[in-house]
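Here is a short report for a first look at this structure. Start with the view below, then read on section by section.

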Amino acid sequence: MLGRKKKPSEPKAYESKTLDPLRRLDVLDNEDVRVMLQGSSIVKVRSQRWQKKRSFRLLEDCVTVWCESSKTSRKAQRRQSFCVTEVECVREGCQSECLRRVADSVPEAHCFTLVFRGGRKSLDLCCLSQEEAQCWVRGIRTLKDRVSNMSQKEKLDQYPFVSYLRHADLNQDGKMSYDEIKRLLQMINIDLNEQYARTLFKKCDRSCDGRLDHVEIEEFCRELLRRPELDAVFRHYSSNGCVLSTLELRDFLGDQGEDASLSHAQKLILTYEFNDWAQKNLFMTQNGFTMYMLSRENDLFNPDHARVHQDMSQPLAHYYISSSHNTYLTKDQVTSDSSTEPYIRALNQGCRCVELDCWDGDKGEPVIYHGHTLTSKIPFKEVIETIAQYAFKASPYPLILSLENHCCVEQQAVMAQHLRSILGSALLTKPLSDKTLNQLPSPEELKGRILVKGKKLGAGQLGKTNSSASFSSSSDEETGGSIKSPNKKDPGKPLSSSKLSPELSDLVVYCSSVPFGGFEAANQKPPSEMSSFSENEALKHIKDSGKLFVRHNSRQLSRIYPSGQRLQSSNYDPQDMWNGGCQMVALNFQTPGEQMDLNRGRFLPNGGCGYVLKPDFLCHPKSNFNPENTGGGPGHIPTQLTIRVISAQQLPKINTDKPNSIVDPLVWVEIHGVAIDKARSKTHRINNNGFNPRWDCTLSFQLQVPELALVRFVVEDHDHTSKNDFVGQFTIPFTSLRIGYRHVHLLKADGSSLSPATLFIHVKVTRRGVPIKTVSSRMGNV
């Protein structure tokens with residue numbers, strides 16, 4: 001009837017015995033998952049007045065949750081479902097800002113919040129019962145854990161054919177005609193040659209009725225998944241082209257720079273070979289070889305670096321420290337919301353220095369927001385409670401709270417009380433030793449501790465006026481993005497008459513913020529004193545006094561923060577700062593892009609713990625390393641890196657609004673390091689194939705200071721009329737990559753997995769014309 005609102009349609013089930021995600025994820029008998037599959041009516045909460053009942057159901061692939069929506073726009077329809085891997089964490093009870101505001105009107109035990117990766121807004125939900133809420137909380141956590149532990153082969157099998165089949169099967173009869181198969185191919189981003197597609201269809205149509213059933217569809221998909229380039233590698237090492245003997249597999253491992261012992265080769269056969277005859281006779285078939293090549297064991301990233309493998313007993317100043325700027329902001333610096341959730345995201349990514357901009361709030365309770373702007377305010381206490389809960393989930397090493405304090409003395413005392421009462425014994429309140437401090441303590445010594453960074457009252461200063469307005473996190477307060485009026489005062493006391501609270505000052509132990517008075521003066525100060533620099537100040541020091549800055553950073557901490565002109569929360573290039581030995585290179589974690597890709601790559605090794613040991617030549621107080629002139633000096637180890645980009649697998653469609661749009665992929669390989677090493681080169685593009693494009697393109701790079709280099713792989717969708725679209729990327733330190741045939745597991749712009757999308761490459765490294773088998777992480781001396 002005209003004007004009648006159509007009820008949103010729920011996706012129909014598409015049963016498939018051959019593709020059984022429940023069995024594959026080992027959740028066949030999980031009652032929580034069963035409840036999610038049946039679906040629930042859950043209240044979606046946005047405010048006290050906006051609370052609406054919606055249907056939620058786990059789809060048959062067991063990774064996608066469908067949620068009812070009354071909106072009809074394409075964007076809303078895309079947001080009608082989410083994958084469990086997109087969920088950063090599940091917060092039980094009324095912990096989010098929204099649920100805290102309505103806590104008096106909803107039963108807390110029925111509530112939970114789904115915090116998503118990237119820019120997607122969180123979902124605040126209230127179930128009809130506590131039991132149902134717990135089913136969804138446990139179920140999502142279980143599925144997240146199962147998917148994260150799946151092998152690449154299992155992820156390939158999980159590739160959403162079930163979902164695609166459901167949509168491609170127009171009449172929902174469980175069989176597919178040739179036209180429906182063509183629709184499926186468009187959905188999985190491949191434009192097959194018409195003749196090849198028809199030939200493949202006929203080959204799989206065993207019943208000769210012009211329609212493929214479940215078994216035939218699976219055979220069709222398996223043929224599509226064939227990897228001729230992997231088969232070629234297999235045949236190169238196999239004497240008979242059918243199997244690899246243990247000795248032949250050992251030869252392959254030797255060329256890969258890996259353990260080439262017979263026992264290791266036998267172990268791989270027993271792990272990845274599922275053919276009983278081959279396993280019994282210690283052979284590896286083509287299928288077993290493919291499974292091994294797709295496994296994490298054969299990843300480009302050195303698996304030894306996926307755990308804490310570096311010396312953690314050196315002074316803090318010898319490490320790069322993952323650091324966030326204005327951590328509380330969800331988007332831009334002027335109008336966006338402040339929230340506790342960016343702290344969760346940052347901490348879960350291994351961030352070890354978060355920022356808190358503190359201002360006087362109502363009823364004597366300090367708040368956090370970007371002062372003099374339209375950003376919203378959140379209670380200081382709630383932020384500290386969130387930090388206490390998530391501080392050490394991703395890393396056991398020290399967390400630094402960078403306080404930019406604009407509060408009056410009374411509210412500073414409240415801040416100190418909250419820090420002590422909420423953080424408890426984790427809060428460091430006194431030095432680890434009574435001895436004179438010659439160097440900062442190590443991450444190992446500070447394990448599990450939370451440090452406060454801010455200004456500290458010196459002897460005889462207690463209670464005196466401080467004209468610099470307290471615990472500023474920089475030598476000059478970060479005022480970028482503020483909307484200031486000279487005729488209006490802050491809600492608290494004017495900055496010129498602010499005092500430092502002794503209670504808060506006492507909590508500053510090893511990170512005392514001081515104005516930078518030059519390298520010579522800083523060298524006379526204790527190592528516990530540190531300065532912050534804007535990106536422009538830091539670049540000037542690197543350019544004019546690079547060697548002195550490196551020496552300074554071997555003993556004292558430096559924090560770098562973005563220019564105040566970056567109102568949209570854009571980021572600067574962190575590599576320049578790392579070249580100068582700066583430890584705390586603070587970035588806007590909420591803004592995806594090349595700079596955050598580099599940051600994730602820098603902190604990928606050492607178990608992702610947020611601390612990465614700097615090269616030796618950046619840790620010596622008399623280092624002669626100059627980031628602006630590296631030729632022949634410390635760290636100068638001429639190295640040639642040769643990368644053959646062979647193929648890609650299952651790249652996603654970018655323009656999902658156009659069903660006929662197929663990606664035209666090309667690959668950039670970039671080197672980020674000292675100025676002389678910075679370079680980028682690309683492959684040619686492949687038209688209309690995101691499923692299994694093949695380039696066989698060799699790119700070569702000359703590195704002078706390899707220990708500082710990051711290698712970034714970027715896949716783009718070529719566009720004739722505008723800027724190429726980003727598809728995926730992966731960034732890795734040169735010292736963490738492995739030679740030989742490897743798979744690169746691509747990431748989305750927000751850093752989450754783009755699984756099962758991969759690049760297949762071959763890596764070769766030579767020094768002085770001699771190929772090397774292992775890239776060492778400690779290659780040079782001062």
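## The chain as a whole

The model is predicted. Its chain has 782 residues, and 56% of them are buried. It holds 23 helices and 30 strands.

The accessible surface of the chain comes to about 33,700 Å². Carbon and sulfur atoms account for 48% of that surface. Now take the contacts between residues at least 6 apart in sequence: 70% of these join residues at least 24 apart.

## An open sheet of seven strands

In what order do the 7 strands of the open sheet stand? The order is β4-β3-β2-β1-β7-β6-β5, and the pairing is antiparallel. β4 (81-83) and β5 (87-92) stand at the edges. Each has a single partner strand, so one side of each is left without a neighbour in the sheet. On average, neighbouring strands are turned by 30° against each other, direction ignored.

Within this sheet, look at β1 (residues 40-45) and β2 (residues 51-58). They run antiparallel and are joined by 6 bridges. Ile-42 has its bridge partner, Arg-54, in β2. Helix α2 (residues 31-38) lies across β1 and β2, at about 115° to β2. Helix α16 (residues 341-348) packs on the sheet too, touching β5 and β6 (111-116). The direction of α16 makes about 125° with that of β5.

## Two nonpolar cores

In soluble globular proteins, nonpolar side chains tend to be buried together. The largest nonpolar core here has 61 residues. Which of its members touch the most others? They are Leu-356, Ile-368, Ile-387, Leu-401 and Leu-419. Helix α17 (residues 380-390) gives this core its largest share, 5 residues.

Leu-356 has a list of contacts beyond four places away in sequence. Among them are Tyr-343, Ile-368, Phe-380, Val-383, Ile-384 and Ile-387. Leu-401, Ser-402, Leu-403 and Glu-404 also touch Leu-356. A second core is separate and has 38 residues. Its members include Phe-301, Ile-732, Leu-737 and Leu-754.

Methods:
Residues numbered from 1 in each chain as written. Predicted model: local features only at pLDDT ≥ 70, side-chain atom pairs only at ≥ 80, totals over all residues. Heavy atoms only, no water. Core = buried A, V, L, I, M, F, W, Y, C linked by side-chain atoms within 4.5 Å. Buried < 20%, exposed > 50% of the residue type's maximum accessible area, 1.4 Å probe, protein only. Helix = DSSP H or I, 4+ residues; strand = E, 2+ residues; numbered from the N terminus. Contact = heavy atoms within 4.5 Å. Areas by Shrake-Rupley, 256 points an atom, 1.4 Å probe, with all protein chains shown as cover. Pairing = 2+ DSSP bridges. Axes fitted to C-alpha atoms, helices over the stretch in contact; angles between N-to-C directions.
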